[in-house]
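Here are my notes on the model you sent over. Have it open while you read.

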Amino acid sequence: MTADDAPLRNMLHVVERAYLTASGLVPAPYVSALAATTGEERQVGVLCLDIGAGTTSMATFAQGHLLSNDVVPIGGNHATFDLAQTLSASVYEAERIKKDHVTLASVAGGDQDVIAYVLADEEAGAASSTTKGQARAIVRDRMLRLFGDVASRLERSNVARYAKRIVLTGGASQQAGLSELAADFFARPVRIARIQPVGGLPAQFSSPAFSTAVGLVQVALDPTAGTQWEQGGLEAGGYLQRMGQWLRESF
Ligand SMILES: Nc1ncnc2c1ncn2[C@@H]1O[C@H](COP(=O)(O)OP(=O)(O)OP(=O)(O)O)[C@@H](O)[C@H]1O
Ligand SMILES: [Mg+2]
């Protein structure tokens, strides 16, 4: 696994400036997936998508091994910005519309329902309105673009066939109806992560928005977390086994 030197060094400087020492480095997509998926899913084959604010991380597992990870530069904030731009609304108003009024479920209905909001920019303060259908179409387009990028990266990394099911996590995975849209797009079973707060973390950490933090705590408590699997009987033989061994030794 590779990472740019400069951002890593900057991050370690930030930690040191807080009078702390980093005891190790673990990739965010990996730990997020550890918290979001079950050991059984990682055995059978799973793609975990952590849909955050500005990015979506991808981690594919099979036979208990991390096979591949990647990051797509699209997240939930892009949908908010699309709404803000198209409706001439503030980002605050767009975020409210997205969370409170948009559902991507196909049978949701109510497309003609009116959503009132306040205009931004030169007409700041003036009232305007849109419909649920229009708001839904804007968010849906952005999420479909995200899924398209995920699908092409998955194909390029040659691990698409191992992604038997998909688990969505990250704050933006809470978008109503998103799992249904993803299941239609990827033609695979999709579920939203249920995070179990570990190590005395408060109950609020059970939100998918905290999967990376919960996964980090999990690995800090047990550095072997997620690395135990049954030996032998690997579908892809030596390649998977060598890759898993290499990852295990690298962490
Ligand atoms: N209920 C909700 N419905 C839809 N979107 C939501 C909801 N709650 C949070 N979000 C979106 O989740 C995103 C933030 O997710 P998260 O907290 O995982 O981001 P992050 O980890 O800080 O960002 P990144 O991973 O890009 O660095 C925002 O785009 C926000 O609009
Ligand atoms: Mg994140």
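The points below go from the sheet to one arginine on it.

1. Ground rules first: this is a predicted model, where local features need pLDDT of at least 70, side-chain atom pairs count only at pLDDT 80 or more, and totals for chains, interfaces and linings use all residues. Residues are numbered from 1 along each chain as its sequence is written.

2. Five strands make up an open, mixed sheet, in the order β3-β2-β1-β6-β7. Strands here are DSSP E runs of at least two residues, helices H or I runs of at least four, both numbered from the N terminus; two strands pair if DSSP finds at least two bridges between them. β3 (65–72) and β7 sit at the edges, each pairing on one side only.

3. Strands β2 (residues 56–62) and β3 run antiparallel and are joined by seven bridges. Across that pairing, methionine 58 stands opposite aspartate 70 in β3.

4. Helix α2 (residues 28–36) packs on the sheet and touches β1 (46–51), β2, β3, β6 (165–169) and β7. Contact means heavy atoms within 4.5 Å.

5. Now look at arginine 191, in strand β7 (residues 190–192). Is arginine 191 buried or exposed? It is buried, because its relative accessible area is 16% and buried means under 20%, with exposed over 50% and partly exposed in between (1.4 Å probe, protein chains only).

6. What does arginine 191 touch? Leaving out residues up to four places away in sequence, its contacts include Thr37, Glu41, Arg165 and Leu168. Its side chain also reaches the backbone oxygen of alanine 36 at 3.0 Å.

Terms used
Chains lettered and ligands numbered in written order. Heavy atoms only, no water. Polar contact = N/O pair within 3.5 Å; in protein donor to acceptor, adjacent residues only side chain to side chain. Axes fitted to C-alpha atoms, helices over the stretch in contact; angles between N-to-C directions.
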